[in-house]
Amino acid sequence: MAEILIIEDDRAIQNLLKIALKQEGHNPVAVKSAMEGINYAIKNIVDLIILDLGLPDMDGSNVIDSVRKFNEKTPIIVVSARDDEAEKIRCLDRGVNDYVQKPFSSAELMARVRAQLRYSTVTNLEQNVFENGYLKIDFTAHSVFVSGEEVHLTNFEYKLLSVLANNVGKTLTHNYIISKVWGVGGNDSNGLRVFMANLRRKVEKNLYEQELIRTEVGVGYRMNRL
Ligand code: CA
């Protein structure tokens, strides 16, 4: 059972979400403004936040910034009526985990909630060994294994793979990845693409239906959980 904070001013959507989340065995709490949401998230431990961007007191993106200042881990799923690719990227840049466009089906949203809760349990373990399908990373030894065989990565390839692994299941934007691997302004999307191609050649195998690393065209990359 997870504590889930819903920040949404539309009563009908609030109720729909509450019912669906309760059916999944969760404990939802709903508030209708950005300020209430920020206050609640500061004072309580929540496992996941569902955030509407169009709120009466201020834009929902302010909630992302406020929450991320004191909490980098809690998954945030944005639900927005705005069909705007640039805004989706801005949200992901700010540390949002997923972005769902309205209107959405509650089944779809619940699947995304499940995925986020699963990933956060895996990544919160702070393990020194990361395993995902055929891929294994030993963070202490800085070694990477594919189907049990060690592969040799350059320093930047290793950092790139680590950033993806630490955010498994989450789409990371080009800017986010570049800032984590090279530092802000340390590379550009074309440079990143070259490193990513080399990395994928070394660590990807076609063993599963799902790719290990997914290219989100125009947005960034995501490591899938195999
Ligand atoms: Ca709204």
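Student: Over how many bridges do β10 and β12 pair in the antiparallel sense?

Tutor: A word on the basis: this is a predicted model, in which local features need pLDDT of at least 70 and side-chain atom pairs count only at pLDDT 80 or more, while totals for chains, interfaces and linings use all residues. Residues are numbered from 1 along each chain as its sequence is written, and side-chain values use heavy atoms, leaving out hydrogens and water. Helices (H or I, at least four residues) and strands (E, at least two) are DSSP runs numbered from the N terminus, and two strands pair if DSSP finds at least two bridges between them. For antiparallel β10 and β12, the number of bridges is 2.

Student: Which residue of β12 is the bridge partner of Thr 173?

Tutor: Strands of a sheet pair through backbone hydrogen bonds, either parallel or antiparallel. Here β10 and β12 are antiparallel. Across from Thr 173, the partner in β12 is Gly 220.

Student: Now the sheet of 4 strands: by what angle are its neighbouring strands turned against each other on average?

Tutor: The order in this open antiparallel sheet is β6-β7-β8-β9. Its edges are β6 (129-132) and β9 (149-151).

Student: What angle does the direction of α6 make with that of β7?

Tutor: Axes are lines fitted to C-alpha atoms, for helices over the stretch in contact, and angles between N-to-C directions run from 0 to 180 degrees. Helix α6 packs on the sheet and touches β6, β7 and β8 (143-146). With β7, its direction makes about 105°.

Student: How many residues lie between β7 and β8 in their hairpin?

Tutor: The two strands run antiparallel and are joined by 4 bridges, with Lys 136 standing opposite Phe 145 in β8. In the turn, His 142 has a positive phi of about 55°. The number of residues between β7 and β8 is 4.

Student: Is Ile 137 buried or exposed?

Tutor: Ile 137 lies in β7, and its contacts (heavy atoms within 4.5 Å) beyond neighbours within four places in sequence include Phe 130, Val 144, Tyr 158 and Leu 161. The classes of relative accessible area are under 20% for buried, over 50% for exposed and partly exposed in between, using a 1.4 Å probe and protein chains only. Since Ile 137 has 0% relative accessibility, it counts as buried.

Student: Why are the buried residues of α7 on the same side of the helix, and what arc do they cover?

Tutor: In α7 (residues 174-181), the buried ones are His 174, Ile 177, Ile 178 and Val 181. The arc is taken from the directions from the helix axis to the C-beta atoms. They sit on the same side of α7 because they cover an arc of only 95°.

Student: Which glycine with a positive phi follows α7?

Tutor: The buried residues of α7 pack against α6 (155-166), β10 (172-173), α8 (189-203) and β12 (220-223). After the helix comes a residue with phi near 90°, namely Gly 183.

Student: At the start of α4, which residue's backbone nitrogen does a side-chain oxygen of Asp 84 reach?

Tutor: Helix α4 (residues 85-93) has Glu 87, Cys 91 and Leu 92 buried. These fall within an arc of 140°, so they line one face of the helix. At its start, the side-chain oxygen of Asp 84 comes within 3.0 Å of the backbone nitrogen of Ala 86.

Student: At what distances is the calcium ion coordinated?

Tutor: Donors are N, O and S atoms within 2.8 Å of the metal (3.2 Å for Na, K and Ca), and sites may look incomplete because water is not among the atoms. The donors here are Asp 9 (OD), Asp 52 (OD) and Gly 54 (O), at 2.2 to 2.4 Å.

Student: How many residues apart are Asp 9 and Asp 52?

Tutor: Asp 9 is partly exposed at 34% relative accessibility, while Asp 52 is buried at 4%. Asp 9 sits in the loop between β1 (3-7) and α1 (11-23), and Asp 52 in β3 (residues 48-52). This pair links distant parts of the chain, and the number of residues apart is 43.

Technical notes:
Polar contact = N/O pair within 3.5 Å; in protein donor to acceptor, adjacent residues only side chain to side chain.
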